[in-house]
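Here's a protein to look around in.

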Amino acid sequence: MRVYAIADLHLATVTPKPMTVFGPQWAGHPQAIFDQWRQTVRPEDLVLLPGDLSWAMRLPDAMVDLAPVAALPGTKVLLRGNHDYWWPTVSKLRAALPPGMLAVQNDAVRVGNVVVCGSRGWVTPGYEPLGAEDDRLLAREAERLSLSVQAARRLRQPGDHVLLMTHYPPASPPYLMNPLMGVIMDAKPDLVVYGHLHGVPPERAMTHVNGIPAHLVAADGLRFRPKLLLDTAADQTDSA
């Protein structure tokens, strides 16, 4: 099984919002995502989707956007982004999702020998300090991430990989310590993936959290091709 990730699909079937207003790199979206996904991902693979999946405001409309994603190869794990206003309670969402689509919220999921946990995150302190409300929301997201990490620990079996998703980046330049980073450093996942940042080449973004590899997987930065994170077939080769 190979593990891929791509964030910020920004689908808009029912709620039209042409993404080209954010730059010419979005021309051909979302068909470019679907075409390159089919060229890259196999049915037995896993794809992480860390947020901003649909511009819809209601779950039924979002399901129209998610239907073509569900039909693509691979098992998908969804995380809420800051624009996913349609996201209901996780129990209601899971009841609506088609087979092969999973969601993480205050918990974790296990697919093969991969455990996935995560939280949306929030803006983090950078060159300017946060206001009181942002501090409160960041602390809340750190607590939600901690709950998810605890669930991952319960699910994890020997030989498993633990992958952690956030929608917002775990830190902002100059990458000061913050509550999210503290949870990630304590969790010690194999890697972190995040989205949210547009117009930023992945090589210019945050690449690690205190040595833990971190990957920016916003769709436009990847030129709409899901990014390969892990090939678990190597585990079997190493143990042979």
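Predicted model: local features only at pLDDT ≥ 70, side-chain atom pairs only at ≥ 80, totals over all residues.

Ser 119 is buried, with a relative accessible area of 4%; buried means under 20% relative accessible area, exposed means over 50%, and partly exposed is in between, using a 1.4 Å probe and protein chains only. Residues are numbered from 1 along each chain as its sequence is written, and side-chain values use heavy atoms, with hydrogens and water left out.

Back to Ser 119, which you'll find in strand β6 (residues 114-119). Strands (E, at least two residues) and helices (H or I, at least four) are DSSP runs, numbered from the N terminus. The side chain of Ser 119 makes a polar contact of 2.6 Å with the side chain of Glu 141. A polar contact is a pair of N or O atoms within 3.5 Å; within protein, one must be able to donate a hydrogen and the other to accept it, and residues adjacent in sequence count only if both atoms are side-chain atoms. Leaving aside residues up to four places away in sequence, Ser 119 touches Leu 79, Glu 141, Arg 144, Leu 145, Met 165, Thr 166 and His 167. Touching, or contact, means heavy atoms within 4.5 Å.

Now hop over to Ser 148, which sits in helix α4 (residues 132-155). Ser 148 is buried, with a relative accessible area of 0%. Its side chain reaches the backbone nitrogen of Gly 118 at 2.8 Å. Among the residues that Ser 148 touches, not counting those up to four places away in sequence, are Val 104, Asn 106, Cys 117 and Gly 118.

## The open sheet

What is the order of the 5 strands in the open sheet? They run β4-β3-β2-β1-β11, and the pairing is mixed. Two strands pair if DSSP finds at least two bridges between them. At the edges you'll see β4 (101-103) and β11 (227-231), each pairing on one side only. From one strand to the next, the twist averages 25 degrees, with axes being lines fitted to C-alpha atoms (for helices, over the stretch in contact) and angles running from 0 to 180 degrees between N-to-C directions.

Zoom in on β1 (residues 2-5) and β2 (residues 46-50): these two run parallel and are joined by 3 bridges. Tyr 4 has Val 47 in β2 as its bridge partner, while Val 3 stands opposite Leu 46 in β2.

Strand β2 is largely enclosed by the rest of the structure, because 5 of its 5 residues are buried. Both of its faces are covered: Leu 46, Leu 48 and Pro 50 are buried on one side, and Val 47 and Leu 49 on the other.

Part of the neighbourhood of β2 is helix α2 (residues 59-70), whose buried residues pack against α1 (31-40), β2, β3 (75-79), α3 (90-96) and β4. The buried residues of α2 include Leu 59, Met 63, Leu 66 and Val 69.

| Peptide bond | Form | Omega |
|---|---|---|
| His 29 to Pro 30 | cis | near 5 degrees |
| Pro 173 to Pro 174 | cis | near 5 degrees |

Pro 30 belongs to the loop between β1 and α1, and Pro 174 lies in the loop between β7 (161-166) and α5 (179-187).

His 10 is also found in the loop between β1 and α1. His 10 has a positive phi of about 50 degrees although it is not a glycine, and at 2% relative accessibility it counts as buried. Asn 106, in the loop between β4 and β5 (108-111), is another residue other than glycine with a positive phi, near 65 degrees. Is Asn 106 buried or partly exposed? At 33% relative accessibility, Asn 106 counts as partly exposed.

## Zooming out

Overall, the protein has 6 helices and 11 strands. Of its 240 residues, 53% count as buried. Among contacts with a separation of 6 or more, 74% come from residues 24 or more positions apart. The C-alpha atoms fill a box of roughly 50 × 40 × 35 Å, taken along the principal axes.
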